[in-house]
Amino acid sequence: MRKFVTMFVGAAVLGAVPATAQGWRPDGRVNREISQDIGQLDRQIDRAEQRRTVSRREAAKLRRQADQIDRSYRRFQRGGLSREEVRSLEQQVNRLRQQL
């Protein structure tokens, strides 16, 4: 009887956990979009440098920032992306785009 009560209480506690705390994993589309966005940054930086809208020094700085975003993405991806990680990556990509 104790086992049954313990299992029932445990199931009730798990059922009470909000959906956001139970874990969220993006689908393949979200991973592709983030990866594409990061890849586009390099091309946008190259275009901006070719059009001379940014100097070589600025382009080098922007490339380092894009590389850092890519490293963060790869690190986050190993354990599966959380909502917070996806949001952080999107914000970083958007901030870098604004600098272009």
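Let's start with a helix pair: α3 (56-78) and α4 (83-99) pack at about 170 degrees, their axes 11 Å apart. Helices here are DSSP runs of H or I with at least four residues, numbered from the N terminus. The axes are lines fitted to C-alpha atoms over the stretch in contact, with angles running from 0 to 180 degrees between N-to-C directions. Since angles over 145 degrees count as roughly antiparallel, α3 and α4 are therefore roughly antiparallel to each other.

Who makes the contact (heavy atoms within 4.5 Å)? On the α3 side, Leu 62, Ala 66, Ile 69 and Phe 76 are among them, and α4 brings residues including Leu 89, Val 93 and Leu 96. By class, the contact has 8 nonpolar, 4 polar and 1 charged residues.

A quick word on ground rules: this is a predicted model, where local features need pLDDT of at least 70, side-chain atom pairs count only at pLDDT 80 or more, and totals for chains, interfaces and linings use all residues. Residues are numbered from 1 along each chain, and side-chain values use heavy atoms, leaving out hydrogens and water.

Leaving aside residues up to four places away in sequence, Ile 69 touches Ile 38, Leu 41, Leu 89, Gln 92, Val 93 and Leu 96. Ile 69 also belongs to the largest nonpolar core, where Ile 34, Ile 69, Leu 81 and Leu 89 touch the most other members of the 18. The elements giving two or more residues to this core are α2, α3 and α4.

Finally, look at the loop between α2 (28-50) and α3, where Arg 52 sits. Arg 52 isn't a glycine, yet has a positive phi of about 60 degrees.

How values were computed:
Core = buried A, V, L, I, M, F, W, Y, C linked by side-chain atoms within 4.5 Å. Buried < 20%, exposed > 50% of the residue type's maximum accessible area, 1.4 Å probe, protein only. Contact = heavy atoms within 4.5 Å. Parallel < 35°, antiparallel > 145°, perpendicular 65-115°, else oblique. Nonpolar A, V, L, I, M, F, W, Y, C, P; charged D, E, K, R; others polar.
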